[in-house]
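Keep the structure open beside you as you read.

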Amino acid sequence: MTTYNIDITLSTTKKEKPQADKLQFGKTFTDHMFIMDYALGHGWHDARIIPYQSLSLDPASMIFHYGQSVFEGLKAYLTEKDQVLLFRPDQNFKRFNISNDRLCIPHLDEDFALEALKQLIQIDREWIPTAAGTSLYIRPFIISTEPYLGVAPSTNYQFIIILSPVGSYYKEGLAPIKISVESEYVRAVAGGTGTAKTGGNYASSLKAQQQSGDKGYSQVLWLDGVNRKYIEEVGSMNIFFKIDGEVVTPMVNGSILEGITRKSILQLLRYWDIPVSERLISIDEIKQAYADGKLEEAFGTGTAAVIAPVGELFWNDEKMTINNGQTGPVSQKLYDTLTGIQTGTLEDPFGWVVEVPSEVESLLHSNVITR
Ligand code: COI
């Protein structure tokens, strides 16, 4: 691991924390943030934790014009034993570098990024909410900051981590959501940026999401961009169906996001010996399974969404009500097990959770000043 000096400037004022029962997703941010700069020829440098604040950027910064950026999303939980747990953070920083590679952004040292995150969480530890269904959402991201209007990879970047205490991602909470199948717009095609976590993928999804929202649906279910027939993913989650006793999810195909929750759910299902397959799934197959009474459950998976049961699927003017609009037993068991492991109330047979030590015991050398 490359070790960098992290300068720490502590905030002298503390923001008011939101009430646990009023927590929304991604609206409140903690007292501090991590930031580090990159310049071509100099590499990553000036790692620092500072009071949460606005950025000052040149209006010509490339991020504003060509969107060269990547992000990640993970969560920290405070256990009943007062331990802070992260869920598979190594996987997030590994995927971060896969996204960086696709967007021509210089790689980060994954071990250092995790150590920096642990330090930031240690400082803002009191922001981790404890009510059921809440957590501290972590948003690491990189933006291109070179002031230049030519289309080329930027020579300068900033890597930033912000923290946000969150409740449920959907306004429905844990109740099943309704989603509509998108037939006009597409999200990604193989060879594009669909597997990278980059802002442009989400910007291009907004039109369809807005139209679906106007019809009363929470999210869209994307079909593949070539045949317009195979299921890919939902707006902010991967998707699973239980058909006639088997759990199926679209296989990784070069255009869907390789979700860390998706991967964990597949591992859990196989551990329980529940039949599962990753394969092509056409929307016609789902419609037929529904018509035959074999579409037993549907649920989305994601860091923000955790497990989101789908109670209704709308396609071609037809409503498919799944499991009477109720959360199915497999979805519930997955939700309980995953959140149990994440919050430390269940044993973690897979070695997924990583504890953030309460004392600064990292390999980093930190200069702490209070301003
Ligand atoms: C996450 O699940 O962390 C995501 O990145 C989805 C986000 C777009 C809300």
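## Around the ligand

Start with Thr 303, where a polar backbone atom sits 3.2 Å from an oxygen atom of the ligand. A polar contact here is a pair of N or O atoms within 3.5 Å. A backbone N or O atom of Ala 304 lies 2.8 Å from a ligand oxygen, and an N or O atom in the side chain of Tyr 137 is 2.6 Å from an oxygen of the ligand. The protein covers 91% of the 290 Å² of accessible area that the ligand has on its own (Shrake-Rupley method, 1.4 Å probe).

This is a predicted model, in which local features need pLDDT of at least 70 and side-chain atom pairs count only at pLDDT 80 or more, while totals for chains, interfaces and linings use all residues. Residues are numbered from 1 along each chain as its sequence is written, and side-chain values use heavy atoms, leaving out hydrogens and water.

## The shell

Which residues surround the ligand? They are Phe 71, Gly 73, Tyr 137, Arg 139, Tyr 169, Lys 197, Tyr 202, Ser 236, Thr 303 and Ala 304, counted when a heavy atom lies within 4 Å. This shell divides into five nonpolar, three polar and two charged residues, with Gly counted as polar and Tyr as nonpolar. Domain 1 (4-171 + 350-370) and domain 2 (177-326) each provide at least three of the shell residues; the bounds come from an automatic or database domain assignment.

## A cavity between domains

A cavity is a set of points on a 1 Å grid over the protein atoms alone where a 1.4 Å probe fits but cannot get out; lining residues have an atom within 4 Å of a point. The largest cavity has a volume of about 80 Å³, meaning the space filled by probe spheres set on the points, which are joined across faces, edges and corners.

Both domain 1 and domain 2 give residues to its lining, so the largest cavity lies between them. Among the lining residues are Leu 74, Tyr 77, Ile 260 and Thr 303.

Terms used
On a 1 Å grid over the protein atoms alone, a cavity is a set of points where a 1.4 Å probe fits but cannot get out, and a pocket is an open set with protein on both sides within 12 Å along at least five of seven lines; lining residues have an atom within 4 Å of a point. A polar contact is a pair of N or O atoms within 3.5 Å; within protein, one must be able to donate a hydrogen and the other to accept it, and residues adjacent in sequence count only if both atoms are side-chain atoms.
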